[in-house]
Amino acid sequence: MPGQGEIAGDSRSGFTEKLALSRKSRMTAKPPATIKSEDAMEYVPYLLTAYAIFAMAVMSPGPNFLAVTSASMTVSRRAGLGIALGIGTGTICWSTMTVLGLTAILAASEEVAIALRWIGGGYLIYMGFMALRSAYKSRGQGLEVPVSDAKADRPLWRYVRRGLLVQMSNPKAALFWFSIMSIVLRPDAPGWVGLAIVLGTTTFSFGWHLALAWFFSTEAVMRVYRRAYRAIQGVMGTAFVLLGGRMIAN
């Protein structure tokens, strides 16, 4: 029958063996899954291409550009910033829906595309009509026409809603986002690629449109606008009507 010393020795020996096995298992255990630098670099060129395409599309004059600049000059900086926030929010919606695959459904649905085309085109024509009416009413008021602040006291959320409507009612946006994602989002692409697209495009959209609102509401730009009020309103109104009509006709 073993003595107490032998039992204690066996216990210490067993504990030592378990500790050694535990250390060995920790050393040989696989590290948690992380994004490999090689995999990340594989998608960088595709991401940069998507960002470049998006930047060129956003910076080119269109409904979003006209909506922000016209509100900044005709109403107030606050109105322009509100519309810019609405457009940026619309970018979040479009990019997120595209990552989730909903844009492909919209692009494939002829009924939804027609509805969006009529809603978006009709709203642009309405904005153009309002600008042309303002230009017509200002006739005979001299060379300099003061900027009206009649709408400046409206709640900010109304301008945000207007920007969101302009952004979300463009049926070409679904096809545009679908084409961007087809460049980057391959079937085996990791989830962080889609997240990078959403964050990158949203950041650029907010930054660009907020900068437009700020610049076109500066005093120097406003002085030019006051001197050429009727001409600028007429050009913007005509552009809105033509864009809206083209959207409906196409």
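Residues are numbered from 1 along each chain as its sequence is written, and side-chain values use heavy atoms, without hydrogens and water. In this predicted model, local features need pLDDT of at least 70 and side-chain atom pairs count only at pLDDT 80 or more, whereas totals for chains, interfaces and linings use all residues.

**Overall fold**

The chain contains 11 helices and zero strands; helices (H or I, at least four residues) and strands (E, at least two) are DSSP runs, numbered from the N terminus. Along the sequence the pattern is α-α-α-α-α-α-α-α-α-α-α. Of the 250 residues, 36% count as buried, a term for under 20% relative accessible area, with exposed over 50% and partly exposed in between (1.4 Å probe, protein chains only). Among contacts (heavy atoms within 4.5 Å) between residues at least 6 apart in sequence, 88% join residues at least 24 apart.

**Nonpolar cores**

A nonpolar core is a set of buried Ala, Val, Leu, Ile, Met, Phe, Trp, Tyr and Cys residues joined through side-chain atoms within 4.5 Å. The largest one has 27 residues, of which V68, M73, I83, M127, F216 and Y225 touch the most other members.

The largest share, six residues, comes from α3. Apart from this core lies another, of 13 residues, among them L47, W94, M181 and I197.

Beyond its neighbours within four places in sequence, V68 is in contact with G80, I83, A84, I87, H209, L212 and A213.

**The pair α4 and α7**

The axes of α4 and α7 come within 6 Å and cross at roughly 45°; axes are lines fitted to C-alpha atoms, for helices over the stretch in contact, and angles run from 0 to 180 degrees between N-to-C directions. The two helices are therefore oblique to each other, as angles under 35 degrees count as roughly parallel, over 145 as roughly antiparallel, 65 to 115 as roughly perpendicular and the rest as oblique. The residues of their contact divide into 12 nonpolar, seven polar and two charged. Here Ala, Val, Leu, Ile, Met, Phe, Trp, Tyr, Cys and Pro count as nonpolar, Asp, Glu, Lys and Arg as charged, and the others, Gly among them, as polar.

**A buried threonine**

T202 lies in helix α9 and is buried, with a relative accessible area of 9%. Leaving aside neighbours within four places in sequence, T202 is in contact with G88, T91, I92 and S95.
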